[in-house]
Amino acid sequence: MVKTLAVIGIGLIGGSFARALRAVGSVEHIIGIDTDPVNLAQALALKVIDQSAASLAEGVAQADLVFIAVPVHSISTVVAAIAPFLKPGAVVTDGGSVKDEVVKACEPLMPAGTSFVGGHPIAGTEHSGVAASFAELFTDRRCILTPTSATDSGALKLVSDLWGAAGSRVEYMDTLSHDRVFAAVSHLPHMVAFSLVHAVNRSAEEEENILAFSAGGFRDFTRIASSDPVMWRDIALMNRSALLDMFDRYTLEFTALRERVAAGDAEWLEEFFTTSKRLRDSIATR
Ligand SMILES: NC(=O)c1ccc[n+]([C@@H]2O[C@H](COP(=O)([O-])OP(=O)(O)OC[C@H]3O[C@@H](n4cnc5c(N)ncnc54)[C@H](O)[C@@H]3O)[C@@H](O)[C@H]2O)c1
C-alpha cells in the first residue's frame with residue numbers, strides 16, 4: 001500500500017506501527033528519524049527500520065507517508081520543519097493522544113498537494129522506546145481518526161486502510177469530542193495514578209516500610225504512573241481544558257466520598273460502591 005514510510009519518533013508507538021505494517025507487507029521501505037541517537041541505532045539493529053536519516057529533511061524527502069509519533073507538544077514543530085521537504089502527494093499523519101490543538105496547528109502548515117490526517121491509536125503500554133515496540137500492539141484495538149472539513153478523502157482512506165492493516169478497528173471522531181472522551185477515560189486516570197504515588201510516598205516518609213506492603217491494588221492501580229513523564233506533561237498541558245473539567249467532576253465525587261467516610265455513613269458507602277461495581281463490571285464484560 002505504501003512504498004516509502006518515514007516514522008518520526010521511532011519509540012513504542014512509531015516502532016509498533018512500523019513493525020505491524022512490515023509484518024503484513026503493507027510497506028516496502030521504512031526510514032526512521034529520532035532525536036535520540038541510541039534509540040535510532042537500536043531501531044536499525046532490531047530491523048524495525050531499513051534506514052535511519054540524519055535530518056528531518058533527508059528523512060521525509062522520499063516518503064509517501066510520514067507517521068509522527070513524538071510527544072504531542074512537538075508534533076506541530078515537526079510538521080513545520082518537514083513541510084518544505086515533503087514530496088508532492090505525501091500524506092502526513094500522527095499518533096498523538098491529544099487531537100484538537102495538534103490538528104488545528106498542523107493543517108495550516110501543510111503545503112498545497114500534501115495532506116494531514118490526525119490519528120490516535122487506542123493502544124499502548126507504560127513502556128517507552130523502540131525496544132518496547134511490538135507488531136501486535138494495535139491488534140483488535142481501536143484507532144481514532146479525526147478528519148476535518150480540510151481533510152483529503154484519499155489521504156483519509158489511505159491512513160484508515162493502513163491502521164486496518166495494522167490490526168486496528170478504525171473509528172472517526174471530531175477533535176473536540178476525542179479530547180473530551182480521552183480526558184475522561186485516559187488522561188484523568190493517569191493524573192490520579194501519578195498523584196496517588198506521591199500521596200503514598202509522603203506517607204512512607206512518616207511510616208517506614210509502607211511501600212513494602214504495596215502489593216495487589218496499589219501496584220495494579222498505579223501501573224500507568226510508570227508512563228513517560230514528557231509524554232504526560234505534554235498531554236496534561238495540551239488537553240488542559242477538557243482535563244480541568246474532569247478534575248472538577250472527579251473532585252466532586254471524591255469530596256462526597258470523603259465526607260461520607262468521615263460521617264461513618266455505611267449505607268451511603270455501600271450504595272456508592274455497589275453502583276461503581278455494577279458500572280465497572282459492565283465495562284469489563286463488554
Ligand atoms: N504510550 C502510549 O500508551 C501511547 C498510546 C497512544 C498514543 N501515544 C502517543 O504516541 C506518541 C509517542 O508516544 P510513545 O509512547 O511512542 O513514546 P516513546 O517515548 O516510546 O517514543 C517517542 C520517540 O520520539 C522521539 N522524539 C521526541 N521528540 C522528537 C522530535 N522532536 N523529533 C524526532 N524524534 C523525537 C523520542 O526520542 C522517542 O524515541 C505521543 O504523542 C503519545 O501521546 C502514546
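This is a predicted model: local features need pLDDT of at least 70, side-chain atom pairs count only at pLDDT 80 or more; totals for chains, interfaces and linings use all residues.
Residue numbers start from 1 along each chain as its sequence is written.

The protein chain contains 11 helices and nine strands. Helices (H or I, at least four residues) and strands (E, at least two) are DSSP runs, numbered from the N terminus. The C-alpha trace spans about 70 × 40 × 35 Å along its principal axes. Of the 286 residues, 35% count as buried; a residue is buried if 20 or more other C-beta atoms lie within 10 Å of its own, exposed if 12 or fewer, and partly exposed in between, with C-beta atoms placed from the backbone. Among contacts with a separation of 6 or more, 77% are made by residues 24 or more positions apart. Two residues are in contact if their C-beta atoms, placed from the backbone, lie within 7 Å.

The chain is divided into domain 1 (2-173) and domain 2 (177-284), with bounds that come from an automatic or database domain assignment. The centres of domain 1 and domain 2, taken over C-alpha atoms, are separated by 31 Å. Contacts between the domains involve 14 residues of domain 1 and 16 residues of domain 2. On the side of domain 1 that touches domain 2, helix 4 and helix 5 (100-106) are the elements that give two or more residues. The residues of this side comprise five nonpolar, five polar and four charged. In this grouping Ala, Val, Leu, Ile, Met, Phe, Trp, Tyr, Cys and Pro count as nonpolar, Asp, Glu, Lys and Arg as charged, and the others, Gly among them, as polar.

Both domains also take part in the shell around the ligand, each with at least three residues. Of the 28 residues around the ligand, the nearest are Gly-9, Gly-11, Ile-13, Ser-97 and Gly-124. A residue is placed near a molecule or strand if its C-beta atom, placed from the backbone, lies within 6 Å of it. At least two shell residues come from each of helix 1 (12-23), helix 4 (72-82), strand 7 (119-121) and helix 9 (229-238). By type, the shell has 12 nonpolar, 13 polar and three charged residues.

Two strands pair if DSSP finds at least two bridges between them. Strand 8 (residues 142-145) pairs with strand 9 in the parallel sense over four bridges, and Cys-143 has Val-170 of strand 9 as its bridge partner.

Two loop residues remain to be described. Lys-47, in the loop between helix 2 (37-45) and strand 3 (51-52), has a positive phi of about 60° although it is not a glycine. Lys-47 is exposed, with 11 other C-beta atoms within 10 Å. Asp-140, in the loop between strand 7 and strand 8, likewise has a positive phi, near 60°. Asp-140 counts as exposed, with 9 C-beta neighbours inside 10 Å.
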